[in-house]
Amino acid sequence: MGTAGTDSTPKLDENVVKDEPIIDESELSPIEEVRLTVPNTDDPSLPVWTFRMWFLGLFSCALLSFLNQFFGYRTEPLVITQITVQVATLPIGRFMASVLPTTKFRIPGFGSREFSLNPGPFNMKEHVLITIFANAGSAFGGGTAYAVLIVTIIKAFYERSISFLASWLLIVTTQVMGYGWAGLLRKYVVEPAHMWWPSTLVQISLFRTLHEKEENDGKRRISRVKFFVIALVCSFCWYVFPGYLFQTLQSVSLVCLAFPHSVTAHQIGSGMSGLGFGAFTLDWTTVASFLFSPLVSPFFAIANVFIGYALIIYLVIPISYWGLNLYNAKTFPIFSSDLFTSQGQWYNVTSIVNDKFELDLSEYEKLGRIHLSTFFAVTYGFGFATIAATITHVALFYGREIYTRFRASTKEKADVHTRLMRNYRDIPAWWFYLLLIGSIVAGLALCVFLKKDVQMPWWGLIFAAALAFFFTLPISIITATTNQTPGLNIITEYIMGVILPGQPITNVCFKTYGYMSMAQAVAFLSDFKLGHYMKIPPRSMFLVQFIGTVLAGTVNLGVAWWLLNSVDNICHPNLLPANSPWTCPGDRVFFDASVIWGLVGPKRIFGSLGQYSSLNWFFLGGLLGPVVVWLLHKAFPSQTWIPLINLPVLLGATGSMPPATSLNYTSWILVGTIFNFFVFRYRKQWWQRYNYILSAALDAGVAFMTVLLYFALGLENKGLNWWGASPDYLPEHCDLATCPTAKGIEVPGCPTF
C-alpha cells in the first residue's frame, strides 16, 4: 500500500518539480510568519497512502476518541490533542519502516498497480495525515464530538431515553454536514496567501523539526530537535508539581493569601472565581486552556483580546457589581455560570420540567424567575454584539476582495504554495455536493422518523444548516487572519428559543446543527490549509478527515453510552461519593444553557417577560461598531493600525468565559505578548527558529505527564493532603470568591452581611 491511487501522483513530471525551483519573489507569501516557517519546495514522489499511515492514523484516532470521551466526564477533564500523536508516532513510524517487508504485490481488481507494506522511509506527508486523523480523534481540539453533550443531558440530567441509532445519526450528521460547503469555499479561504491560518504554523514548525536535517552555518547554537527535546523534558518534569505535588501553583492569588477572611478581597484576587488581580500561574495548562497556545496567535489578535478583556473585567464588571449593583449583582457570585433564585440560592431546575419534557408554567411561577450573575449576563450581551459585528466587519473590510475572488479566482496570480499544489489532482465538486446532500437527508430522516428522540422538526434542520452556511465564510476569514473563532452557539440558541420555547432538546439540537456545522467547516478548512502548506494531495486530505470524523464520533458515542449506563449517578455530584471524579462540569454548563434558552426560553429571560431585555441593544452596537472603524480607516488611510482593530475579536474576547477564568486570560495575554511582540521584534531569529517548537514542546510535555499521572495515581485515587494539595479545600485558597455580598443573603459556607 505504497501510493494507493493516482491521488498522490503529480500531473507534472516528478524530476521537474523535485529540482530546486527558482522562485519569483512575487510568488512568496505576503505574511512574514509564513515565509519564515513554511518551506517553498515539494517532493511529489513521497508516498502518502501507506499501510503505516492507515494503521497509525486509525489507531491514533480511535485511541484519542476513547481517552478524550472518558476524561470528558471527569471533574478535571483532560483533552489529549494531536500534538501528542504528532510526537509519539514518529519513532513508531520509523520503526515500522525498518521492520516491515518491502516486497511488492498486486491486489485483484487494481490492475497492474503494485503495492508494498513498506514503500520506503517514513516521510513527513504520512506523518501529516496521521496527525489529521488524530485531530479528528480530539474533535479538532474540542475533546469530543459536541453532540455527545445532547445524549448526556438527555440520559443523565433529564433522565429520559434516546436510542443508540438516533444518537449516532445526530453525532455523525452534525460533525460532517459542514464539510460539504466548506469544501466549496476552499478557493476563498485556503488558496489565498493572506488567509494564513496562524494555528497551522506551529504544527509545520514541529514537522520540520522532527523530519528535516539542519544545515550547519558555522554558528554555535542548539539544534531545533535538541531544543524541542529539552523543552519537552522540562515541561514533562515540571508538570508533576502543579498537576499533583503542589496544585496551588495552578493559580497563586496573592490577594487571597494576604486577606484570607475578606469576601471582597477574594472576589478581586481569585484567578479562578474572581477578577484575578494579583493572581499568577506556573502551570502551562492554565496558560493554554480555552484560548490554546498564546505562542500561536499573532500579536495584534492578542492586543484585541486584551482590550476586550480589560474592558469587561476591569471596567464593566466592577462598575456593574460594586457601583450600580446591576441586576442585583451583589445577590449572586461575581463570577458564575450557575442559575439562581431571587434570593441567591441554586435554582431547582428539575422541579419546573413536566412529564412531556416541557416547561411546567405553574411550578415556574411558584419558584420564580431564573437569575444570572451579572458577569454571565453581560458576557451574553457581548456575545450578541460579536455575532452582529462579524457580519459588518467582513462585509466592509473583506467584501470587495471576496467578490473579486469570486469573479476572478481562477485568473489571479497564485503564490508558490498554491502553484505547487496544482501538481495534484483536485477534489471534484460533486464529492462535496454528495456529502452535503447525504448528511442533510440523514438529518431529515432523524427529525422525521426519530423525532421522539430529538424533538426538533424537520424545518429546524434546514434552518440551522442555512444559518451555519451563511456564517462559515466570514468566520473562516476571521479565523484565518486572527486565530480567533467567534461561535454561533448564542445566536442559534436565541433563535430557536424564540420560535419554540419550552422544548430544551429541540433547542440544543438546533444549536448543535447550526453551531457545530459551522465550527466543523472552519476546522476542515484549517486542516486543509495545513495540507496546503505541507503539499498533501487534496483527495487524501478529504478522505482522512471524513473517515477520521466518522470513526471518532462513533467511538465517542460508544464510550459515552458505556459510562452513562455503568457509572451510578454520573453527573450528579450530590448523589456521588465525595471524592468521585464523575461530575461532568462541561455537561453541566450545556445543561444550564438548555434550561435558559430551551426550557424557559429567551422571552422569559432576555425578552418582555425577563429582566435582561436591555442586553438586546448589544446587537445594534455590534452591527454599527465596524462601520465606525471602517469610516476612520477611510478618513485616515495612512494610519495602518486602524484596520487592525478587529471588533469581532475584541467584542468576543471573553466568549470563553465561563468556563474560562480571568487567570486563563491574563496569563495567555502576558505570555503571548512576550513572545509575539518582544521576542518577535527584538529576537526575530530566535523566534523564527524556536517559537513554535517551544509551543509544541510545552503542549506535548504536559500531555504526556498528565496521562502518566492519571494512570499511575488517578486510577487508584492516590492523592496528597497538605496545604498545597488537599481534597478538603480549593488549591487557590480563595474559598470566599463565590460568596454574595448583598445584605441578608444566606449561602452555606459564606458569611451573611
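Q: With which residues is phenylalanine 606 in contact, leaving aside its neighbours within four places in sequence?
A: This is a predicted model, in which local features need pLDDT of at least 70 and side-chain atom pairs count only at pLDDT 80 or more, while totals for chains, interfaces and linings use all residues. Residues are numbered from 1 along each chain as its sequence is written, and side-chain values use heavy atoms, with hydrogens and water left out. Contact means heavy atoms within 4.5 Å, and on that basis the partners of phenylalanine 606 are Leu372, Tyr380, Phe384, Tyr494, Ile596, Trp597, Tyr612, Ser613, Leu615 and Asn616.

Q: Is phenylalanine 606 buried or exposed?
A: Buried means under 20% relative accessible area, exposed over 50%, and partly exposed in between, with a 1.4 Å probe and protein chains only. Phenylalanine 606 has 0% relative accessibility, and therefore counts as buried.

Q: Why is the pair of phenylalanine 606 and tyrosine 612 called tilted?
A: Rings of Phe, Tyr and Trp (its six-membered ring) pair if their centres lie within 6.5 Å, and planes under 30 degrees apart count as stacked, over 60 as edge-to-face and the rest as tilted. The ring centres of phenylalanine 606 and tyrosine 612 are 6.3 Å apart, and the pair is tilted because the planes stand at 55°.

Q: Why is helix 6 (residues 148-157) described as largely enclosed by the rest of the structure?
A: The buried residues of helix 6 pack against several helices, among them helix 3 (51-72), helix 7 (164-184) and helix 26 (585-600). Helix 6 is largely enclosed because the buried residues number nine of its ten.

Q: Which residue sits over the ring of phenylalanine 357 with its charged end?
A: A charge sits over a ring if NZ of Lys or CZ of Arg is within 6 Å of the ring centre and within 35 degrees of the ring normal. The charged end over phenylalanine 357 is 4.7 Å from the ring centre, and it belongs to arginine 160.

How values were computed
Helices (H or I, at least four residues) and strands (E, at least two) are DSSP runs, numbered from the N terminus.
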